[in-house]
Amino acid sequence: MEPLLQVLTRAVRRGGVFLVGMTLLVAGAAMLVLPGPGIAVILLGLVVLSAEFQWAKRVLAWAREHASNLKQQAQSRMPGSNRRPPGGPPGQDRPDQAA
């Protein structure tokens, strides 16, 4: 009887995580066109889903990697920054520093 209870508990937990996570994803997608923090809610939904689902962990890792790249690119374009965006040509001058 114990293994059946464990299986049932796991299925209920997995279903609850799925329901809450998907609700957050749908609400976040709606907030992309409606007022609200759409991207933040989508990321929160992925965090909830990643507790139980490998695909959500992979999507969240991809989003973190791309957010980090965007942050580096934005920082390199800030006035007063001498860094270049990653992947840019090494010998090309930045337009904002042209003589």
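Which side chain meets Glu52 in a salt bridge at 3.8 Å, N to O? That's Arg14, and the pair belongs to a network of salt bridges that links Arg10, Arg13, Arg14 and Glu52. Bear in mind that this is a predicted model, where local features need pLDDT of at least 70, side-chain atom pairs count only at pLDDT 80 or more, and totals for chains, interfaces and linings use all residues. Residues are numbered from 1 along each chain as its sequence is written, and side-chain values use heavy atoms, with hydrogens and water left out.

**Salt bridges around Glu52**

- The count comes to three salt bridges, a salt bridge being a side-chain nitrogen of Lys or Arg within 4 Å of a carboxyl oxygen of Asp or Glu.
- Glu52 and Arg13 pair up at 2.6 Å, N to O; since Glu52 sits in the loop between H2 and H3 and Arg13 in helix H1, the bridge ties together parts 39 residues apart in sequence.
- With Arg14, the N to O distance is 3.8 Å, and here the loop residue Glu52 and the H1 residue Arg14 tie together parts that are 38 residues apart in sequence.
- Arg10 also forms a salt bridge with Glu52, with the closest N and O atoms 3.4 Å apart; this one links distant parts of the chain, from helix H1 (residues 2-31) to the loop between H2 and H3, 42 residues apart.
- Helices here are DSSP runs (H or I, at least four residues), and strands (E) need at least two; both are numbered from the N terminus.

**Burial of the network**

- Glu52 is buried, at a relative accessible area of 11% (buried means under 20%, exposed over 50%, partly exposed in between, with a 1.4 Å probe and protein chains only).
- The arginines are another story: Arg10 is partly exposed at 48%, Arg13 is partly exposed at 49%, and Arg14 is partly exposed at 32%.

**How H2 packs on H3**

- Helix H2 (residues 38-49) and helix H3 (residues 54-76) pack at about 140°, axes 8 Å apart (axes are lines fitted to C-alpha atoms over the stretch in contact, and angles run from 0 to 180 degrees between N-to-C directions).
- That makes H2 oblique to H3; under 35 degrees would be roughly parallel, over 145 roughly antiparallel, 65 to 115 roughly perpendicular, and the rest is oblique.
- On the H2 side, the contact (heavy atoms within 4.5 Å) is made by Leu43, Leu46, Val47 and Leu49, and on the H3 side by Trp55, Ala56, Val59, Leu60 and Ala63.
- Those contact residues divide into nine nonpolar, no polar and no charged.

Technical notes
Nonpolar A, V, L, I, M, F, W, Y, C, P; charged D, E, K, R; others polar.
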